[in-house]
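Subject: Structure handover

Hello,

Please find the structure below. My notes follow it, with the cut-offs given where each term comes up.

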Amino acid sequence: MSPSTGRADDMAAEAATLRFSLIDEPELGDEGYRLRINGQNVSIHAQTEQGHVWALQTLRQLASCTAVPAGSAPRTLPGVAVTDVPRLPWRGVLVDVARWYQPLSFLLGMVDRLAMHKFNVLHLHLTDDQGWRFEVSRYPRLAEIGGFRAESSSGHLDEGRFDGTRHGGYYTQKELRILVSYAAARGVQVMPELDLPGHMQAAVSAYPGLGNRPDVQLKVRAAWGISPHILNTRDTTLDFMRHVLDELVDVFPFDYIHLGGDEIPLDEWRSSTEARQRVNDEGLNGAAALASWWITTMGRHLQEHGRKFAAWDDQLEVGLPREALIFAWQSAARVGYALARGHEVVAVPEQFVYLDRAETDSPREPTAIDGPLPLSQVYDYEPVPAGAEGRVLGSQGMLWAEYLPRPSLVDWRAFPRLTAIAERCWSGGGRKREYMAALPHHLLRLTSMGVRYNTLAATSGERKSV
């Protein structure tokens, strides 16, 4: 989008004009803006095009303040003078398409939802034990075999039930380039995640030589939970994953690539002669250190591409290079622990931002992994500990998908709680009463977008209390 003057689509008043200006105001930063509405004239000032994008989202919201029936008088905008700068530079949402494949149209719609709330990162969880969703030209079986499972868990993991229905799919590189371009035009960057060296059963099912028992043909995991089957430590497997990352960075231009590193069972490495030899050769302190060795090795490869790498907080005790961006998920205390070890952090403790948890304890809630996690608890979470300004980059809403097989369920779990995360990341706290007062009207906006948000909290009394 280039600075220009033209008619505002959302303004029906005659002779309304919308004027963009690039200005030198360092206090606005990379994403801030000034928005002025005076009669029929709208002016937007920002240092960057990104600031213009967010100003337009604010303008859209102002334009929807009053519903206008068809054939009625033109809509007019309120006179306002807004200076708006985000509190945190990283405002993200994780979407898990590894557990349940969703069509490209779903991801494009999710980008629109993120942009409306001024989220600037879509964290795309592309691979896991239950599915591989990224087309790799050099290794086509990753998607063609690893992208499909014979059946899926039905109900909770501990129930041991399966639906008997084959499920799968994957995104071609062409499709993902479309997603990246669509998102960028709306101010959203896409960070891909290839979760390794654990959560890799789908990859090992496609290429058994990646595993610690290459003589065993695994299937793509049908059950939820954590597979005991992880990548081996051979040089050929390291090279394999380097080649995968080479294709990944060619599709996704974002600065960061997420490498996973969480929930890695060690039994296969502990019983592997090759893994024990690797521990000795690298001078590592036991099998547990092989996980951080894997992440560090792949991270160095990404650095050769001029990229940065991110990882979950699981490897902090063993140690990761300080340049690794840590996603602290296990608890709020892990944010402080990662900071103490010299890392920048994205704060995503499961107790506050894991939105796969039910919002209410209503028996009418769809099946969820846990809960409840009410809207008020999400809003009350403060992601930045005292004194950590500038080192906690931001936070994310986390939509893990074991129990979200359909887009409508993703919406149900995401909203309205994502609005609370958006509010805290952009504006900070201290405005809970105003936020709650504005929420009912915002829900009307979501309805107009076709968002099927959770309606149970409205009847539970949660939103009536602040």
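What radius of gyration would a compact globule with 466 residues have, and what does the chain have? A compact globule would have a radius near 23 Å, and the chain has 23 Å, which agrees. The radius is taken over C-alpha atoms, and the globule rule is 2.2 Å times the number of residues to the power 0.38.

Before the rest, the conventions. This is a predicted model, in which local features need pLDDT of at least 70 and side-chain atom pairs count only at pLDDT 80 or more, while totals for chains, interfaces and linings use all residues. Residues are numbered from 1 along each chain as its sequence is written, and side-chain values use heavy atoms, with hydrogens and water left out.

Overall picture

Along the principal axes, the C-alpha atoms fill a box of roughly 75 × 50 × 45 Å. The chain has 16 helices and 17 strands; these are DSSP runs numbered from the N terminus, helices being H or I of at least four residues and strands E of at least two. Of the 466 residues, 56% count as buried, where buried means under 20% relative accessible area, exposed over 50% and partly exposed in between (1.4 Å probe, protein chains only). Among contacts (heavy atoms within 4.5 Å) with a separation of 6 or more, 69% come from residues 24 or more positions apart.

Salt bridges

The count comes to 23 salt bridges, each defined as a side-chain nitrogen of Lys or Arg within 4 Å of a carboxyl oxygen of Asp or Glu.

- R91 pairs with E31, with the closest N and O atoms 2.7 Å apart. R91 is in strand β6 (residues 90-96) and E31 in the loop between β2 (17-22) and β3 (33-38), 60 residues apart. R91 counts as buried at 1% relative accessibility, and E31 is buried at 11%.
- D411 pairs with R113 at 3.0 Å between the closest N and O atoms. This pair links helix α13 (residues 407-414), which holds D411, to helix α2 (residues 104-116), which holds R113, across 298 residues. D411 is buried at 3% relative accessibility, as is R113 at 13%.
- R177 pairs with D250, the closest N and O atoms being 2.9 Å apart. R177 lies in helix α4 (residues 173-184) and D250 in helix α6 (residues 235-251), so the pair ties together parts 73 residues apart in sequence. R177 is partly exposed, at 37% relative accessible area.

Regards
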